[in-house]
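Let's take a walk through a protein model together. Have a look at the picture first, and then we will go through some parts of it.

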Amino acid sequence: MDTIGDLWAQVTTPQAPPSTTVVALTAVAALVCLAVPWLWHLTRHGLTILHEAAHGATAVLVGRRLTGIRVHSDTSGLTVSVGKPRGPGMVLTLLAGYTGPALVGLGAAWLLSRGYPSAVLWLLLVVLALVLVQIRNWYGLWAVLVSTAVIVVVTWWGTDEVRSIAAHALTWFLLLGAPRAVLELQQQRRRRRGGGDTSDAGQLARLTHVPAGVWVAVFLLVCLGALALGGGWLLAVL
């Protein structure tokens with residue numbers, strides 16, 4: 001009970017605002033992850049996990065039955081759910097993928113602006129735990145377990161300062177990485193022009209008869225809006 005009490009206190013007790021150095025350097029670290037190709041390939045798995053988690057959570061919320069999630073070594077992913085193949089529920093499920101990491105980043109930024117870095121880390125652990133029970137391939141299992149282990153180490157054994165640094169770095173990465181993933185999607189669509197578009201945008205286009213490019217623009221606007229609002233909250237300390 002003492003451990004549970006200590007955990008609850010860690011999650012619910014506000015911490016002092018981070019220094020300007022922490023905010024600035026964690027933002028720079030996130031930008032480096034986006035700019036260096038091998039780092040982007042490695043860290044993009046985190047975005048993929050949240051992307052697929054958003055698909056899965058939305059599918060369940062709209063009444064579909066979630067049957068599994070896969071994460072692949074090329075940073076792609078797949079979430080399979082059973083239900084009506086058309087209609088608002090399917091549209092929302094497809095819409096959630098590319099916007100999910102940005103909205104998670106926005107929520108994390110809101111918590112950080114109020115002094116709750118530990119809450120950010122524990123909420124991410126809850127998401128990873130929910131994804132873990134739905135993983136249906138070995139590489140996905142490995143990716144989720146490694147991500148979970150890193151956050152557990154920081155959360156359980158890190159000092160308040162270490163947890164704050166980690167939470168800010170992860171939040172910046174989500175806010176900055178989400179729009180980059182959308183731009184990457186558009187580049188992939190251009191390279192595959194002439195073939196079948198199996199991306200989220202392509203599937204939404206077939207369901208709604210709205211061009212896939214419009215859906216890509218919607219993804220990007222949501223991600224940029226989350227970056228502007230969440231980034232403003234994080235930068236308020238400066």
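Which residues does valine 216 touch, not counting residues up to four places away in sequence? They are Val182, Leu185, Gln186, Arg189 and Ala201, where a contact means heavy atoms within 4.5 Å. Before going on, note that this is a predicted model, in which local features need pLDDT of at least 70 and side-chain atom pairs count only at pLDDT 80 or more, while totals for chains, interfaces and linings use all residues. Residues are numbered from 1 along each chain as its sequence is written, and side-chain values use heavy atoms, with hydrogens and water left out.

Valine 216 sits in helix H9. Helices (H or I, at least four residues) and strands (E, at least two) are DSSP runs, numbered from the N terminus. Is valine 216 buried or exposed? Its relative accessibility is 7%, so valine 216 counts as buried; buried means under 20% relative accessible area, exposed over 50%, and partly exposed in between, with a 1.4 Å probe and protein chains only. Aspartate 200 is 16 residues away from valine 216 along the chain, and their C-alpha atoms are separated by 8.9 Å.

Now to the helices themselves. Two packed helices are described by the angle between their axes and the distance between the axes. Axes here are lines fitted to C-alpha atoms, for helices over the stretch in contact, and angles run from 0 to 180 degrees between N-to-C directions. Helix H8 (residues 200-208) and helix H9 (residues 212-235) have axes that come within 8 Å and cross at roughly 125°. H8 and H9 are therefore oblique to each other: angles under 35 degrees count as roughly parallel, over 145 as roughly antiparallel, 65 to 115 as roughly perpendicular, and the rest as oblique. On the H8 side, the contact includes Asp200, Ala201 and Leu204, while Trp215, Val216 and Phe219 are among the H9 residues they meet.

H8 also packs against helix H4 (residues 88-113), at an angle of about 155° and with the axes 9 Å apart. That is why H4 counts as roughly antiparallel to H8. From H4 the contact takes in Met90, Val91, Leu94, Leu95, Gly97 and Tyr98, and from H8 it takes in Asp200, Gln203, Leu204, Leu207 and Thr208.

Histidine 209 is in the loop between H8 and H9, and it has a positive phi of about 65° although it is not a glycine. With 68% relative accessibility, histidine 209 counts as exposed.

Next, find the two strands E1 (residues 65-71) and E2 (residues 77-82). They run antiparallel and are joined by six bridges; two strands pair if DSSP finds at least two bridges between them. Leucine 66 has serine 81 in E2 as its bridge partner, and glycine 68 has valine 80. E1 and E2 form a hairpin with five residues between them. Threonine 75 lies in that loop, and its phi is near 75°, a positive value in a residue other than glycine. At 10% relative accessibility, threonine 75 counts as buried.

Finally, visit alanine 149 in helix H6 (residues 138-157). Its relative accessibility is 39%, so alanine 149 counts as partly exposed. Leucine 125 is 24 residues from alanine 149 in sequence and 9.3 Å from it in space, C-alpha to C-alpha.
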